[in-house]
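Colleague: I am new to this structure and would like a close look at one part of it. Please pick the part, define the terms as you go, and connect it to the rest.

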Amino acid sequence: MALSTPQRSAEAAAAVLAGSASAGRTRGERVFAVLLLGATAVSVLVLGLLIAQVLLDGLARLDLQFLTSYPSRRAARTGIRAGITGSLSLMVLTAAVAFPLGVAAAVYLEEFAPDNRFTRLLEANVANLAGVPSVVYGLLGSAVFVYLFQMGRSLVAGALTLALLILPVIIVASRESLRAVPQAIRHAGLALGATPLQVAARQTVPSALPGIFTGTILALSRAVGETAPILVVGAVLSRRSDNVPWGLLDAFTGLPIQIYDFVSRPQADFREGAASAAILVLLTVLLLMNSVAIVLRNRYARRW
Amino acid sequence: MSEHPVIGAPVLVGDPGDRPPMSLGGRPRRGEQLAMALLALAGAVTVLTTVGIVAVLFFDAASFFREPVVSLWAFVTGTEWRPFGNPESDAFRIGVLPLLNGTLLVTGIAMLIAIPLGLASAMYLSEYAPRRVRAVLKPALELLAGVPTVVLGWFAVDFMTPVLRGAFGDERVAIFNAASAGIVMGIMIVPTIASLSEDAMSAVPSGLREAAYGLGSTRRRVVLSVVFPAALSGVVAAIILGIGRAIGETMIVAIAAGGMPQMTANPFEQVQTMTAYIVQAVRGEAGPGSLTYESIFAVGALLFLMTFALNLAAQRFVRRYREAY
């Protein structure tokens, strides 16, 4: 359009607005918007289908017997007791290792680390670790914990592997939470004569704690659903006794491991009934953990 | 560190603008020095993890390639993967290409699903969604991202495979096949691509949009010709990270894609990926020193190299879009 005067350009604009060109344009607009919404809905719909399928297949099989039985060769008598105790024990031990390490590393990086090469290396490294496939952590755990440190295919080897896996997640979440604490709080503490460490221990970290807990719970919920790393470390597919957190060197299993075991069996009763019921339990646990994390964040997190 | 007179009075990192150095000059108590060292040690654990991963993978992979029956050349060029056979016989072949083929086939299918769906979701959430719709869709996508992969694997065999067999015929679609695993994996990766791309699109200054609207552009033109190109490096980073996740994903393929390594481009046949081989091999009792155990690490090293390269590439793109505005 070669427009020379304001008046002509206004006329041209009016013509475009009124003309047939605009009808085609708005239809194209609407089609495009609907396409985008449709594409966004697809993945949400698949999630809905998945949940419906779990409920449909799983609810019928889920009962007290299923929750309290050890695995059996017969699908009707099998259960996930070993998986539940195993996952709980793994979670307790993983948290006991990953939480203090992750928070300490975050406090160091956020509050004390000098801006030098070591610090930059640490930061780049945390970002890179987040992209390492979880099965590779399993290889690390197998070579280092199981064989080099001679822990065997034990609960503690599995928990340490999971702890390393979620450490970067906890560090990133804790740093964000620490960063949200205003500088004024630190300055006030220092001005009153507290040492930097005292400021961190008594002011900064306690203020950031709700956010740190939220991040840790979310990280733990990821650990609970992980299958590949503990499978590589040597979790038992079909274990007929309980795990306890203090039985460090016991053989172990977990709920995802039992799901994998059920799914890989040829009989439909295992694939559909038992697997779905176990998945229903796992998803419920994860949903609960996520809800707790969100409540924690909304109720206790301070807005500055 | 040596330039600082004391460890306990360091410089706070973060935004240099609002964080002046907290140098108090005083000498920290000995207990404080110790505490500070412990904190730094915790940070060092993450570095040890990386060092450990690299050392373990390459040490064990190296001992694999030192085995007399194994050669690096055969590994990277061989088109048959039969690592469980008698090493002295023809039943033993260690060409990694069939596993690589399986990984790339499933990843390709996954990206065919994840890229269009992920980018459309990002565009919709960033430019179109009314607040109320967004408040439903965002958490739903986050929920999807939190579903354990073993559950997605079950969904692939229990739901997707029957659907595919119904649509294309039982005789064409194998019970375990690359398509079913790839499609479900693609859905799994949608939240990754959507959320990172949306971040990149939201970071495009609104001045660019307003200028385009001022010139008479429709919303579609603004999205496709202004926002999308401006966010491109962030979008590319999101896609690269998505590819990395697809390559490293284990349980979906271990459950749904089958266990037969082969050179095929047919999505309805069964394949074995690198990750699925690792799972298959560890289900045996193989320990250190055995050929099988070492082969896991050779495959793992290749897997790590691929995802590491993708990560570095993604970070480069992310840095570029952060610097742009």
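Modeller: Two residues are in contact, or touch, if their C-beta atoms, placed from the backbone, lie within 7 Å. This is a predicted model, in which local features need a pLDDT of at least 70 and side-chain atom pairs count only at pLDDT 80 or more, while totals for chains, interfaces and linings use all residues. Residues are numbered from 1 along each chain as its sequence is written, and chains are lettered from A and ligands numbered from 1 in the order in which they are written.

The part I have picked is the contact between chain A and chain B. On the chain B side 79 residues take part, and they are in contact with 77 residues of chain A. Helix H1 of chain B, residues 30-66, supplies the largest share of the chain B side, with 18 residues. Helices here are DSSP runs of H or I with at least four residues, strands are runs of E with at least two, and both are numbered from the N terminus. Sorted by class, the chain B side holds 51 nonpolar, 21 polar and seven charged residues. Nonpolar covers Ala, Val, Leu, Ile, Met, Phe, Trp, Tyr, Cys and Pro; charged covers Asp, Glu, Lys and Arg; the others, Gly among them, are polar.

Within this contact, H1(B) packs with helix H6 of chain A, residues 134-148. Two packed helices are described by the angle between their axes and the distance between the axes. For H6(A) and H1(B) the angle is about 75 degrees and the axes are 9 Å apart. The axes are lines fitted to C-alpha atoms, for helices over the stretch in contact, and the angle runs from 0 to 180 degrees between N-to-C directions. H6(A) and H1(B) are therefore roughly perpendicular to each other; the scale is under 35 degrees for roughly parallel, over 145 for roughly antiparallel, 65 to 115 for roughly perpendicular and oblique for the rest.

From H6(A), the residues involved are Val136(A), Leu139(A), Leu140(A), Ala143(A) and Val144(A). From H1(B), they are Gly52(B), Ile53(B), Val56(B), Leu57(B) and Asp60(B). By class, this helix pair brings together eight nonpolar, one polar and one charged residues.

Leaving out residues up to four places away in sequence, Ile296(B) touches Leu139(A), along with Ile278(B), Ala281(B) and Val282(B). Ile296(B) sits in helix H12 of chain B. Because 29 other C-beta atoms lie within 10 Å, Ile296(B) is buried; buried needs 20 or more such atoms, exposed 12 or fewer, and partly exposed is in between, with C-beta atoms placed from the backbone. Between Ile296(B) and Gly248(B), 48 residues apart along the chain, the C-alpha separation is 14 Å. Met306(B) is also in H12 of chain B, and is buried, with 20 other C-beta atoms within 10 Å.

Gln150(A) is exposed, with 10 other C-beta atoms within 10 Å. Its phi is near 55 degrees, a positive value in a residue other than glycine. In H7 of chain A lies Val169(A), which is buried, with 21 C-beta neighbours inside 10 Å. Val169(A) touches Ala219(A) and Arg222(A), again without residues up to four places away.

As for chain B as a whole, it has 12 helices and two strands, and 49% of its 325 residues count as buried. An automatic or database domain assignment sets the domain bounds: domain 1 is 1-66 and domain 2 is 97-324. Eight residues of domain 1 are in contact with seven of domain 2 in chain B.

Confidence comes last. For pLDDT, the predictor's confidence in each residue from 0 to 100, chain B averages 88, and 90% of the residues score at least 70. In chain B, helix H12 (residues 291-324) has the lowest mean, 88, and helix H3 (residues 97-128) the highest, 97. The pLDDT is below 50 over residues 1-21 of chain B, a stretch with 41 contacts in the model beyond near neighbours in sequence. The model scores ipTM 0.90 and pTM 0.90.
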